[in-house]
Amino acid sequence: MTPRWGITSVPRAPVLATALGLPVRQAAALSPVQVLNTLVTSTHGLSTAEVAARRAAVGPNAVRSHHARALAVLGRQLRNALLVLLLVTAVASFFLGERTDSLIIGVILAVSVGLGFANEYRAERAAEALHSAIRHTVVVVRGDQPIEVDVTELVPGDMVHLKLGAVVPADLRLIEATGLECNESVLTGETTPAEKGADAVASGAALAELSCCALMGTVVAGGSGVGVVVATGGRAEFGRIALGLGERQPETEFQAGLRRFSVLLLQVALVLSTFIFVTNLVLARPLLDSLLFSLAIAVGITPQLLPAVVSTSLATGSRRLAQRKVLVKRLVCIEDLGDLDVLVTDKTGTLTEGRIMLRAALDPAGHQSSDVLRLGLLATETGRIGGNPMDAALWEAADPPPSGYVRLAWLPFDHERRMTSALVQSPDGDRLIVTKGAPESVLAQCRAVPAATELTLQAHFAAGGRVVAVASRPAPGFTGICASDEHDLVLAGFLIFFDQPKADAAAALRRLAELGITVKVATGDNPLVAEKVCAELGLRSGGTLTGTDIDALDDDAFAVAAESATIFARISPEQKARLIRLLRRRGRAVGFLGDGVNDALALHAADVGLSVDTATDVAKDAADVLLLEKDLDVLAGGVAEGRRIFANTIKYVLMGTSSNFGNMFSAAAAAAVLPFLPMLPSQILLNNLLYDASQLTIPTDRVDAEQLRAPSHWDLHMIRRFMLFFGPVSSLFDFLTFGIMLGLFHAGPDLFRSGWFVESLATQTLVIFAIRTRRVPFLRSRPSMPLLGAALAVVAVGSALPLSPLSGMLGFRALPIGFFVTLGGLVVIYLVLIEVAKQVFFTERPAAPARRRSTGHRVHRRASRFTHAGPL
């Protein structure tokens, strides 16, 4: 069989000594034939048996693992020094005679860990299912046949096809390159695409100088190519960098903020527990009791179920987004979606119906002309079946279609020329070049333009028509054409297309504006047409920039202009990507919605790449989020859901920094002045377990509209302020309870502990109804039924425990009716005071700093496509 690309195939070696591949720098210094010989492969590709043997040797082409491991989740639950120390102390106490309390502590800790494990493991399984459902594929030659395989299945020696917009799936030594360019910014930081070819480079060349190699994780910015895989997974240059950031899926910025918050609370817990322990020793209380009490206080402060709440929120969010026709490829995309404050979108199909119809075929003076329609049909992409919507509209309007013409050569559209041309032979044997494309591009190649042309153009642009110019010239003796032949054309006229603005697009734009999202339109259409559509839909324009305007601006000037401009017309794929990059550089969270091959660069450049289920494969592969309908209202619903998840999770955080912290602070103070422990260690842990259980329903809660109007970013400074502001309010009511129990009810240790247990659980659980909203609770903002039911049930259980048969074992004593009457009044006053304090606190809130994502974030995002369900 004749080998492809003119390279002789090589014989197979019996031993796959080169299964591990070659370092890409070494391969770059070798010729294509030498690389094929070294890898024991050929241009016909590997056989199935060879692929299996090499995969067994090198493993999957992956740099991330998404396998949900039960032991790893359990380990994270137990990776708490305070919890372990408390458990060790309880065991010691058991063997020293305090068996009942020790067993109770052990049971409560086991239930608490089990609750956290069950929720977090279920969320991890949901994440695993999400990752497993997403496939990123590549075309390879195996057994002399091109087939499509998952990128994780590549092995050294595979022959890979590269096309525009694709992410390079492994380190490749190029065998063939046709106008190939790769954006290598994820590796080198250089945003200008690097030109690629097949010629070897000097030994020891730097990474940015490997012009004969396509590197894993980079993006094909232009052209096409074929290469042989030389390194996969962690052996590739990108793989080494990605693995340096960890093998697991990266935590979101919100999860990173929660981790820092947990460290803050741990520091507070250590200070309080140390103070309590020392105080109890000074007061000559038993050592083990003092240690157990201080450690229980510390465990009570630390947000043990916080990881479970976050994971559950994200998993629940992905399901809710799917119900809203929004599919996320990774859970981190939910947070990114909620962060959006700029959306760059195409016009066709989002602002308009996407059903393009031919309105008229006109000569330069504006009169109907069948010749213009006939010539336009001759220059369609693929003949009878149009390769794009405008070509399809042309053929639909053709009655009858032209006959007797033979196409001899074809010059496809590109964003530099903005034209297509065909060499055709007419029925009488004459040959001519027919060109159609953007009016300004075609007119520039015409030898004479009638005086009425400009008036005709402007009239139809102003009316919102999409105008395509058609021109031709004789081509006697021509057998082929190139771009240099597109000159001395004679203008035939114009094809006028119309795409009706969407009936519901105006409402969707208003909803996006209410969410604080600035919409910008990037289109290949004429600026007047784009402005007309935007005006009809009520999208206020801050100005228009054309591709020509953009080329004249350096990055700094373009970044400033892009902030205010709304419409970017006659813009190329490279200019779209540059626009996204510069908007991001100014601290904006940018989403890009596109569905074509030429949108892939911008999709990769955006913080959130958005595409639709009917998009090209390249666009869907590049996107982070898929919309099942190309509808801005669907996108607005997805953004709102992302923000709802953040808002609900922050409620749990604020709970932990107010009442929970305040109660533990009260315990520290009470331990210093009372002649007995204010609450037994087992009671503190039980209180904490019941409280945490009530908060697991927070992900189901409703969120007020004003909380969705702008992206919310993690603000540790605000949370620290919240803790210091509301914690003392909680402690104030604890001290008031202490006074009532001692002065009014003359309580001994058991009655005192019972009263404070019920009061502290009621206040710290019910305060969620005030903290969950900045409005007046219940009257202007209602909680979800699961949250309401869980909170009331926990308060009811806590109130019933001192009256239950378990009271004696737990160290409780039945409370008098008068206590519950007093408790009702205390809770009402407490919630009213919290409501007043809430209004004061939120009157002034410093703005969170603009988010700037690191290079590591980009690497993590790109690495997510190389993910594997098993170990690496």
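I note that the model is predicted. In this pairing I located Arg466, which stands opposite Phe497 in β17.

I next looked up the other partners of β17. Strand β11 (residues 357–362) is joined to β17 by five bridges, and the two run antiparallel. Here I found Ala361 opposite Leu495 in β17. Strand β15 (residues 446–448) runs parallel to β17, and two bridges join them. For this pair I recorded Ala448, which stands opposite Val490 in β17.

I then asked how many residues of strand β17 are buried. The strand, residues 489–498, is mostly covered, with eight of its ten residues buried.

I turned to the helices. Two packed helices are described by the angle between their axes and the distance between the axes. I looked up both for helix α10 (residues 287–301) and helix α25 (residues 681–695): their axes come within 8 Å and cross at roughly 10°. Because angles under 35 degrees count as roughly parallel, I describe α10 as roughly parallel to α25.

Which residues of α10 and α25 meet? On the α10 side I listed Asp289, Leu292, Phe293, Ala296, Ile297, Val299 and Gly300. On the α25 side I listed Pro681, Ile684, Leu685 and Asn688. Sorted by class, the contact of α10 with α25 has eight nonpolar, two polar and one charged residues.

Methods:
Residues numbered from 1 in each chain as written. Predicted model: local features only at pLDDT ≥ 70, side-chain atom pairs only at ≥ 80, totals over all residues. Heavy atoms only, no water. Axes fitted to C-alpha atoms, helices over the stretch in contact; angles between N-to-C directions. Helix = DSSP H or I, 4+ residues; strand = E, 2+ residues; numbered from the N terminus. Parallel < 35°, antiparallel > 145°, perpendicular 65-115°, else oblique. Contact = heavy atoms within 4.5 Å. Nonpolar A, V, L, I, M, F, W, Y, C, P; charged D, E, K, R; others polar. Buried < 20%, exposed > 50% of the residue type's maximum accessible area, 1.4 Å probe, protein only. Pairing = 2+ DSSP bridges.
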